[in-house]
Amino acid sequence: MASTSSSALTISSSSALVDAKAPKQPSAASPQCVSLPTLPPRPSSKATAFCRKLARNVMAMATTGEAPPSAAATDVASVEMTELPQFVKTLQEAWEKVEDKYAVSSIAVFGGVALWGSTGVISAIDRLPLVPGLLEVVGIGYTGWFAYKNLVFKPDRDAFIRKVKETYKEIIGSSY
């Protein structure tokens with residue numbers, strides 16, 4: 001019994017394994033060899049040509065101090081002269097009117113971080129058992145109470161509309 005188990009375990013001592021190289025086999029005999037298809041040639045487009053011209057102009061400006069006149073300069077001018085949407089123009093005008101740009105951009109960054117953090121907190125709460133269902137019941141209950149208190153009867157509805165208009169006037173400074 002001991003002789004059969006010792007014959008099953010054999011250790012090879014070939015020079016290929018000592019050199020830490022796999023023994024070479026012919027490629028036809030190896031089913032594990034897979035050749036990948038070659039990639040198609042990259043198409044030359046206007047964008048890559050424009051980028052190359054722009055890179056040459058930057059190199060020329062770095063070495064001589066002035067840009068050579070070329071078609072790339074006219075391409076940049078034509079890109080700047082394209083018509084921007086009205087929304088972008090409005091944003092640019094509003095940004096020009098801002099006096100403290102550092103504070104506005106800081107608030108925007110912190111607002112984005114707070115939004116990202118709050119989505120993490122909400123998703124963590126949503127994974128807890130029973131909490132999403134409980135919050136849904138609370139929301140439905142508050143909506144029903146609000147509708148009954150402010151929207152069902154005409155005098156309450158008129159008072160609510162008056163209060164909304166007063167709050168709007170305080171915030172904006174004028175009525176509709």
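## The loop at L130

L130 sits in the loop that joins helix 6 to helix 7. The model is predicted. The phi angle of L130 is near 75°, a positive value in a residue that is not glycine. Most residues other than glycine have a negative phi. L130 is also exposed, because its relative accessible area of 76% is over the 50% cut-off.

I125 has 34% relative accessibility and so counts as partly exposed.

## Aromatic contacts

The count of aromatic pairs comes to 4. In one of them, F146 and F160, the ring centres are 5.3 Å apart and the planes meet at 85°, so the pair is edge-to-face. The cut-off for that label is over 60 degrees. This pair links distant parts of the chain: F146 is in helix 7 (residues 131-150) and F160 is in helix 8 (residues 154-172), 14 residues apart.

Y142, W145, F146 and F160 form one aromatic cluster. F146 has a relative accessible area of 27%, so it is partly exposed. F160, with 26%, is partly exposed too.

## K149 and F160

K149 lies in helix 7. Its relative accessibility is 46%, so K149 counts as partly exposed. Along the chain, K149 and F160 are 11 residues apart. Their C-alpha atoms are separated by 9.5 Å.

## The salt bridge

How many salt bridges does a search of the whole structure find? The search finds 1. D158 forms a salt bridge with K154. The closest N and O atoms are 3.8 Å apart, and the cut-off is within 4 Å.

The two partners are 4 residues apart in helix 8, so about one helical turn separates D158 from K154. D158 is partly exposed, because its relative accessible area is 33%. K154 is exposed, because its relative accessible area is 52% and the exposed class starts over 50%.

Terms used: Residues are numbered from 1 along each chain as its sequence is written. This is a predicted model: local features need pLDDT of at least 70, side-chain atom pairs count only at pLDDT 80 or more; totals for chains, interfaces and linings use all residues. Side-chain values use heavy atoms; hydrogens and water are left out. Buried means under 20% relative accessible area, exposed over 50%, partly exposed in between (1.4 Å probe, protein chains only). Rings of Phe, Tyr and Trp (its six-membered ring) pair if their centres lie within 6.5 Å; planes under 30 degrees apart count as stacked, over 60 as edge-to-face and the rest as tilted. Helices (H or I, at least four residues) and strands (E, at least two) are DSSP runs, numbered from the N terminus. A salt bridge is a side-chain nitrogen of Lys or Arg within 4 Å of a carboxyl oxygen of Asp or Glu.
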